[in-house]
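Open the model in your viewer and keep the sequence panel beside it. This tour goes from one selection to the next and says what is there.

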Amino acid sequence: AKRAHAWQELVSYVKTNNVQVLVGATITCFPEEDKQSWEWTKALIRLIGREHLIGLSIGNELELVHMFREWFKADDACLKRLWDGNYTLNWFREVVKDFDTMGYGDVPIMSILADLH
């Protein structure tokens with residue numbers, strides 16, 4: 001109920017003010033959570049509408065997972081699965097395919113990387 005209310009407020013603001021939105025899909029150590037997050041993201045995309053969608057970001061600062069293991073809840077097995085097991089690349093491709101199937105093949109797709117100095 002809280003999510004639905006928050007989304008309605010967001011969608012109202014976006015449409016009233018003609019805002020462009022960048023939405024995100026997670027890549028974590030928890031595939032089931034990633035799938036649920038993607039389902040929520042797709043639902044939000046549908047509410048926002050194509051005319052307000054500027055792009056899709058898949059993954060967020062994944063290069064930092066090894067540095068902030070506790071925050072990301074990333075043990076050795078997780079890191080191995082993310083990188084050596086190709087989970088990151090495979091999930092990225094799955095989300096892109098799904099996004100394209102939804103009719104958004106012309107919308108920019110990216111991943112956010114951090115800059116630590």
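**Stop 1**

Select Asp106 and Arg50. They form a salt bridge, with the closest N and O atoms 2.3 Å apart. A salt bridge here is a side-chain nitrogen of Lys or Arg within 4 Å of a carboxyl oxygen of Asp or Glu. Asp106 lies in the loop between helix 5 and strand 3 (109-112), and Arg50 in the loop between helix 2 and strand 2, so the pair ties together parts that are 56 residues apart in sequence. Helices (H or I, at least four residues) and strands (E, at least two) are DSSP runs, numbered from the N terminus.

Are the two partners buried or exposed? Asp106 is exposed, at 60% relative accessible area. Arg50 counts as partly exposed, at 35%. The cut-offs are under 20% for buried and over 50% for exposed, with partly exposed in between (1.4 Å probe, protein chains only).

**Before going on: what kind of model this is**

This is a predicted model: local features need pLDDT of at least 70, side-chain atom pairs count only at pLDDT 80 or more, and totals for chains, interfaces and linings use all residues. Residues are numbered from 1 along each chain as its sequence is written, and side-chain values use heavy atoms, with hydrogens and water left out.

Color by pLDDT, the predictor's confidence in each residue, from 0 to 100. The protein averages 88, and 91% of the residues score at least 70. Where pLDDT is low, the predicted coordinates should not be read in detail.

**Stop 1: the whole chain**

Zoom out and switch to cartoon. There are 5 helices and 3 strands. Along the sequence they follow the pattern α-β-α-β-α-α-α-β. The C-alpha atoms fill a box of roughly 45 × 35 × 30 Å, taken along the principal axes. Of the 117 residues, 33% count as buried.

**Stop 3**

How many salt bridges does the structure hold? There are 5. Select Asp98 and Lys42 for another of them; their closest N and O atoms are 2.8 Å apart. This pair links distant parts of the chain, with Asp98 in helix 5 (residues 87-104) and Lys42 in helix 2, 56 residues apart. Lys42 counts as buried, at 8% relative accessibility. Asp98 is partly exposed, at 23%. Salt bridges that share partners join Glu39, Lys42 and Asp98 into one network.

Stay in helix 2 and pick Glu32 and Lys35. They form a salt bridge too, with the closest N and O atoms 3.5 Å apart. The two are 3 residues apart in the helix, so about one helical turn separates them. Glu32 is exposed, at 57% relative accessible area, and Lys35 is partly exposed, at 37%.

**Stop 2: strand 1 and its partner**

Select residues 21-25, which make up strand 1. Which residues are on its covered face? Val21, Val23 and Ala25 are there, while Leu22 and Gly24 make up the uncovered face. Strand 1 pairs with strand 2 (residues 53-60) in the parallel sense, over 5 bridges. DSSP must find at least two bridges for strands to count as paired. Click Ala25, then Ile58: they are bridge partners. The chain crosses from strand 1 through helix 2 (residues 31-48) to strand 2, in a right-handed β-α-β crossover. Right-handed means that, with the strands pointing away from the viewer, the path from the first strand over the helix to the second runs clockwise.

**Stop 3**

Leu22 is partly exposed, at 42% relative accessible area.

**Stop 4: two asparagines**

Most residues other than glycine have a negative phi. Select Asn18, in the loop between helix 1 and strand 1. Its phi is positive, near 50°. Asn18 is exposed, at 56% relative accessible area. Finish at Asn86, in the loop between helix 4 (76-84) and helix 5. Asn86 also has a positive phi, of about 65°, and counts as partly exposed, at 38% relative accessibility.
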